[in-house]
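Let's go through this model by asking what stands behind each label. Every answer sets a value against its cut-off.

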Amino acid sequence: MTQFSECELGVLYDKFAERFQQRKLLFLIIYLGFVFYLSIPSFLIPVLEYNKFRITGLMEQRAIENFMLFYPHQSWVNYADVNPNLFRCIIGLEDGKFFKHKGIDWYELEKSMRTNKRRKRIARGGSTITMQLAKNLFLSTDRNVFRKAKELLITCRMEKEISKEAILENYINAVEWGEGIFGAKESAKIYFGKKPGELNISECTRMAAVIPSPLLHEPSENSRYVSRRASRSWGLYNDVILPE
């Protein structure tokens, strides 16, 4: 029945084949359930081009972590109402090739994997802006293989279904900027007393600087971390050209 030689692998294959023959329907249901589990978020992706979301996966996670005593809310701001320099600062720091790749920057991802393996810890991230949006909207911050598989699938669908501008608009509204603070509108108001379109370049660099660690640092603080990353953002944002 099997083409494998008489070895452990062949025995395992024979056992699986026998069980599969006996329980075809069960295996089919499990397979379809697995595919459906990985695909569920992608059904919602096309509407991101036109509609505003209300709740994200990360918001739900934060609510659960707070035992539902506090539930984050989302304050939407349109792409045109945000200072373009904020987009440029974020792209410069988080995803310099945003307008060139199709959702996954394979070079940066491979580089991050090598660095993390060498240091034996998560020392460098390789997520693009689209990957971050996929995680924030539909998933959580948990680190496991299934979550990463869903993130990559959603990322590819997102790049195929909606425009780069829509990705940036949703990102700026989904990203976390502090405990219970989601979106550029709420963040600009709390930290600088302004609307997103009124932010100056210095404030834009500080907003972009804290994205990797929003629960540890605030845009308005004068820590070495924020100042260093803001200075780096200042040097990169001029290289980012937004489409007309």
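This is a predicted model: local features need pLDDT of at least 70, side-chain atom pairs count only at pLDDT 80 or more; totals for chains, interfaces and linings use all residues.

Q: How do the residues in the lining of the second largest pocket split by class?
A: The lining of the second largest pocket has nine nonpolar, three polar and four charged residues. The classes work like this: Ala, Val, Leu, Ile, Met, Phe, Trp, Tyr, Cys and Pro are nonpolar, Asp, Glu, Lys and Arg are charged, and the others, Gly among them, are polar. Residues are numbered from 1 along each chain as its sequence is written, and side-chain values use heavy atoms, with hydrogens and water left out.

Q: How much space lies in the second largest pocket, and what makes it a pocket?
A: About 260 Å³ lies in the second largest pocket. Of its 16 lining residues, Leu44, Phe53, Ile55, Leu137 and Phe138 are the closest to the centre. Two elements give two or more residues to that lining: α3 (57-65) and α6 (129-138). The word itself comes from a 1 Å grid over the protein atoms alone: a pocket is an open set of points where a 1.4 Å probe fits, with protein on both sides within 12 Å along at least five of seven lines, and lining residues have an atom within 4 Å of a point. The volume is the space filled by probe spheres set on the points, which are joined across faces, edges and corners.

Q: How many helices and strands are there in the protein?
A: There are 11 helices and zero strands, so the run from the N terminus is α-α-α-α-α-α-α-α-α-α-α. Helices here are DSSP runs of H or I with at least four residues, strands are runs of E with at least two, and numbering starts at the N terminus.

Q: Why is helix α8 called largely enclosed?
A: Buried means under 20% relative accessible area, exposed over 50%, and partly exposed in between (1.4 Å probe, protein chains only). In α8 (residues 164-174), 10 of the 11 residues are buried, so the rest of the structure largely encloses this helix. Its cover includes α4, α6, α7 (145-161) and α9 (184-192). For the whole protein, 46% of the 244 residues count as buried.

Q: What makes α4 mostly covered?
A: In α4, 10 of its 11 residues are buried, among them Arg88, Cys89 and Glu94. Those buried residues pack against α6, α8, α9, α10 and α11.

Q: How do you know where the buried residues of α11 sit around its axis?
A: The buried ones are Tyr225, Val226, Arg229, Ala230 and Ser233. Seen down the axis of α11, they fall within an arc of 115°, so they line one face; the arc is taken from the directions from the helix axis to the C-beta atoms. Arg224, Arg228, Ser231 and Gly235 are exposed on the face turned away from the buried side. Cover for the buried residues includes α4 (84-94) and α10 (201-209).

Q: Why is Asp95 called buried?
A: Its relative accessible area is 4%, so it falls in the buried class. Asp95 is found in the loop between α4 and α5 (106-119). Leaving aside neighbours within four places in sequence, Asp95 is in contact (heavy atoms within 4.5 Å) with Ile90, His101, Thr128 and Ile129.

Q: Is Thr130 buried or exposed?
A: Buried, because its relative accessibility is 0%. Thr130 lies in helix α6. Not counting residues up to four places away, Thr130 touches Phe98, His101, Gly103, Thr155, Met158, Glu159 and Ile167.

Q: Why is Phe99 called partly exposed?
A: At 32% relative accessibility, Phe99 lands in the partly exposed class. Phe99 lies in the loop between α4 and α5. Beyond neighbours within four places, its contacts are Ile91, Lys164, Leu168, Ile241, Leu242 and Pro243.

Q: What class does Thr141 get from its relative accessibility?
A: Thr141 counts as partly exposed, at 36%. Thr141 sits in the loop between α6 and α7. Leaving aside neighbours within four places, Thr141 is in contact with Leu58, Gln61 and Arg62. Thr141 and Gly57 are 84 residues apart in sequence and 9.3 Å apart in space, C-alpha to C-alpha.
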